[in-house]
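Me: I have a structure open and would like to talk through some of its details. Could we go step by step?

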Amino acid sequence: MITILVTLLIFGLLVTVHELGHYLVARASGVAIIEFSIGMGPKIKSWQGKINTFSIRALPIGGYVRMAGEPGEDDDVESMVACIGRKPINEVNIFKRMLIVLAGPFMNILLAFAVMLVLVSTSYAIGSTQVAELMEHNESGKYGLQVNDTILEIDGKTIHCFPDLSYKVMADGAFGVDILVERNGEEVLLENVIFAYTEEEGIVYGALDFKVYRKDKTPLTILYESFWQGYNSIYMTVDSLIDTFTGRYGLEAVGGPVAIGEQIGEAMDAADNFADTLRNLGSMTMMISVSLGIMNLLPIPALDGGRFLIYVIEAIRRKPLSKKVEERIVGGTMVALLVIMALVFFKDIVALF
């Protein structure tokens, strides 16, 4: 029950932040906003604000900002009373509309960076990218990696922080990677370095087989690490998404709210004390927020990225798509997404037993 409540709280926070992004930019752009809702389904409570209604609904599985002029939106006179002097979204400058749809994902990513700043600030230690010790049964040392090497690049990707390093080794290290290191003030390229590996559910992962030095924890280090670790979370999400579409990860790796809730429960169970529980939940919140932001940027018409693509097409054509065509595109993809979500939900439920 605690896991369920915590999961709902995290999803509620992320949805609220996402919709708040849309709402604030729409309001600043002069759009006629009818309702700002947290949750879906039956209305639990609502109140009238200065320019729109605010609602809390029964199902904590989403939320929305209902704006006049959206596809499928019937704007009755009563709902528009508080919007006098404002425009339907389809009459607002197209670049403002682009900013409105991008604001939701942006807020999720901004939240992730804010949480990362807290996590780095309260961390017990900050790892560097300099090799401190080659572990027993080390493999990478056989290919030339040495103690005190500072890792600069792996397969051409610049390594800014320890999570950069550990992720690239995990993702590609088992298959051989080129590593650029700094050694005694000079750059040295180590070619086709193969790391030890582990295999889980048929997927091969590289294993980090050395330890690194700690970094001194200063205000500048905290800011540097917060930015680059946050950036690395975005990189990991996009890279994992590409790997999923290209077939490296099978459908069993795709999970929905039930699977995420299970991971949240495992993160709570893994903590030794309350402080660690908060840190683990913070890490989960940060990663889910990044995933929500990135997924919403996919060019699928029912998502923010798809809406942005429709606006780009409109800007190129210099005229909007017909309302019927847009409604059919958005409605069709929404049905497809709901079917996929239902299948993922069913798969996650079956996996619990």
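Me: How many residues are between β8 and β9 in their hairpin?
Reply: Two residues lie between β8 and β9 in the hairpin, and E201 in the turn has a positive phi of about 55 degrees. Before going on, note that this is a predicted model, in which local features need pLDDT of at least 70, side-chain atom pairs count only at pLDDT 80 or more, and totals for chains, interfaces and linings use all residues. Residues are numbered from 1 along each chain as its sequence is written, and side-chain values use heavy atoms, with hydrogens and water left out.

Me: Which way do those two strands run, and how many bridges join them?
Reply: Strand β8 (residues 197-200) and strand β9 (residues 203-206) run antiparallel and are joined by four bridges. Two strands pair if DSSP finds at least two bridges between them, and the elements themselves are DSSP runs numbered from the N terminus, with helices (H or I) of at least four residues and strands (E) of at least two.

Me: And what stands opposite E200?
Reply: E200 has I203, in β9, opposite.

Me: Changing topic, how many residues has α1, and what does it reach from end to end?
Reply: Helix α1 has 27 residues and reaches 38 Å from its first C-alpha to its last, which is close to the expected 39 Å. That expected span is 1.5 Å times one less than the number of residues in the helix.

Me: Which residues of α1 are buried?
Reply: The buried residues of α1 include V6, I10, L14, H18, H22 and Y23, where buried means under 20% relative accessible area, exposed means over 50% and partly exposed is in between, using a 1.4 Å probe and protein chains only.

Me: What about the surface, which residues make a nonpolar patch?
Reply: M1, I4, L5 and L8 make a nonpolar surface patch of about 430 Å², and I4 lies in helix α1 (residues 2-28). Patches are made of residues with over 30% relative accessible area and no salt bridge, with like charges joined within 9 Å and nonpolar side chains (Val, Leu, Ile, Met, Phe, Trp, Tyr) within 5 Å.

Me: What comes just after α1?
Reply: Just after α1, G30 takes a positive phi of about 80 degrees.

Me: How many aromatic pairs are there?
Reply: The count is ten aromatic pairs, where rings of Phe, Tyr and Trp (its six-membered ring) pair if their centres lie within 6.5 Å, and planes under 30 degrees apart count as stacked, over 60 as edge-to-face and the rest as tilted. In one of them, the rings of Y23 and F36 have centres 5.0 Å apart and planes at 10 degrees, so this pair is stacked.

Me: Why does that pair tie parts of the chain together?
Reply: Because Y23 lies in helix α1 and F36 in strand β1 (residues 33-48), the pair ties together parts that are 13 residues apart in sequence. Y23 is buried at a relative accessible area of 4%, and F36 is also counted as buried, at 8%.

Me: How are F227 and W228 arranged?
Reply: F227 and W228 form an edge-to-face pair, 4.9 Å centre to centre with 85 degrees between the planes.

Me: OK, how many salt bridges does the structure hold?
Reply: The structure holds seven salt bridges, each being a side-chain nitrogen of Lys or Arg within 4 Å of a carboxyl oxygen of Asp or Glu. One of them joins R97 and E314, whose closest N and O atoms are 3.0 Å apart. This pair links distant parts of the chain, with R97 in helix α3 (residues 94-121) and E314 in helix α8 (residues 304-317), 217 residues apart.

Me: Are R97 and E314 buried or exposed?
Reply: Both R97 and E314 are buried.

Me: What does K215 pair with?
Reply: K215 forms a salt bridge with E225, and their closest N and O atoms are 2.7 Å apart. K215 is in strand β10 (residues 210-215) and E225 in helix α5 (residues 219-245), ten residues apart. K215 counts as partly exposed at 28% relative accessibility, whereas E225 is buried with a relative accessible area of 0%.

Me: Last one, where is R318?
Reply: R318 lies in the loop between α8 and α9 (323-351), and R318 has a positive phi of about 65 degrees although it is not a glycine. At 79% relative accessibility, R318 counts as exposed.

Notes: Areas by Shrake-Rupley, 256 points an atom, 1.4 Å probe, with all protein chains shown as cover.
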